[in-house]
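Dear colleague,

I am handing over a structure for you to look through.

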Amino acid sequence: MTEQGLPPVKVTDLKVILTAPDGIRLVVVKIETDQPGLYGYGCATFTQRPLAVATALEQYLKPFIIGRDVDRIEDIYQAAYVSSYWRSGPVLNNALSGVDEALWDIKGKRAGMPVYQLLGGKVREAVPVYVHASGATFESVEEAARRYMEQGFRYIRCQVGIPGLTTYGSRGGEVVKALDPKQERTWEPTPYVRTAPKLFAHLRKALGDDIELLHDVHERIPPIQGVWLAKALEEYRLFFLEDLFAPEDNDYFRIVRAQTATPLAMGELYVNQAEYVPLIKDRLIDFIRCHISDIGGFSMARKLAAFCEFMGVRTAWHGPGDVSPIGHMANFHLDIATPNFGIQELALGMFHGNTPEVFVGLPEVREGAVWLSDKPGWGMEVDEEKAAKYPFPEHRYGGAWPEIRRLDGTVVKP
Ligand code: CO
């Protein structure tokens, strides 16, 4: 018997579910137990290298976890983390996340409670979210933002295309001619850096002061242009400016911080503590944006959220389309129980198409927020038969992020 007088429950199997209901390759872990009907799901989605994660799970974590006591999440987490000796990195962290989150789902089901209850319960009624408005012109971005405002959204990320260039978050129309005429995706930082402040001048004037505006640089510009951009954007009072620098340029945060009060969000590319702890400890960023499965899952994320609370840093977990709906549920459950929550990115795509028939139990979205049910665990079922109907599509780049190059042919960060 366990401490609570419940019969002990052992892991009997680990299954990897590979599915792409709407073209995005998702990896979900199912952990089965010796108690009939008791199982859990976790997100292990690393969409650019999904089969590497599947191999790590099937070959290494499956034999590792079979026979273990499902109640010991932290112990399993610690043991799995060091079992490869070399650790961290997106492949192993995603595999670990799949196991970790499946165990939290099981824990919630055993307690008869949603996971957020196990963290101390709700600290807010619902989870405010931001959505993505983009377009080829300032007017089309404004129009997209207005449509979201009419639907009740109060936080909007705005991205505009730069004519002729492959711009992050928006299409740029006709392609400029690079030195190699066959080059497909061309990007130059300077036209973008010149344009972004003009976009926000337009949006503030058109949309007023009440709406919260966000922007993602996506690490594409030389760091000193990032410093200039953060200063130029200050007067438009962004809710946050995201990924101003690449993780490799972390030290620039100290420089930009001394020069502007533009709120800084960072973190979707981080995979280990050595990358994010110094920035948080020294209060160099305002929002932590980690992709929960890429830092090792829910157990790591809840510790990171608590650490951020002490340092005045708010959470804004990465929530794009290449997080599985199980991973989004992990985001929402942490959001609703975290006092230093900032905002949640919401991928509206998962509410349409084939995804809702595979991932059953998506939460309600209204008044610009996500409303969670009180179903046990994550509150979500995976229809495995339907999932199997959507195998990974053939992909021209093998799923990798397509190359983006300067006019002269130099590869840049995506
Ligand atoms: Co981003």
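The notes below describe a metal site and then a sheet with its helices.

This is a predicted model, in which local features need pLDDT of at least 70 and side-chain atom pairs count only at pLDDT 80 or more, while totals for chains, interfaces and linings use all residues. Residues are numbered from 1 along each chain as its sequence is written, and side-chain values use heavy atoms, with hydrogens and water left out.

The cobalt ion has Asp216 (OD), Glu242 (OE) and Glu268 (OE) as its protein donors, at 2.0 to 2.3 Å; donors are N, O and S atoms within 2.8 Å of the metal (3.2 Å for Na, K and Ca), and since water is not among the atoms, sites may look incomplete. Asp216 lies in strand β6 (residues 212–216), whereas Glu268 lies in the loop between β8 (264–266) and α9 (273–281), so the pair ties together parts that are 52 residues apart in sequence. Helices (H or I, at least four residues) and strands (E, at least two) are DSSP runs, numbered from the N terminus. Asp216 and Glu268 are both buried, meaning under 20% relative accessible area, with exposed over 50% and partly exposed in between (1.4 Å probe, protein chains only).

Elsewhere, 3 strands form an open antiparallel sheet in the order β1-β2-β3, where two strands pair if DSSP finds at least two bridges between them. Because β1 (11–19) and β3 (39–43) stand at the edges with a single partner strand each, one side of each is left without a neighbour in the sheet. Between β2 (residues 26–33) and β3 there are 5 bridges, and the bridge partner of Glu32 in β3 is Tyr39.
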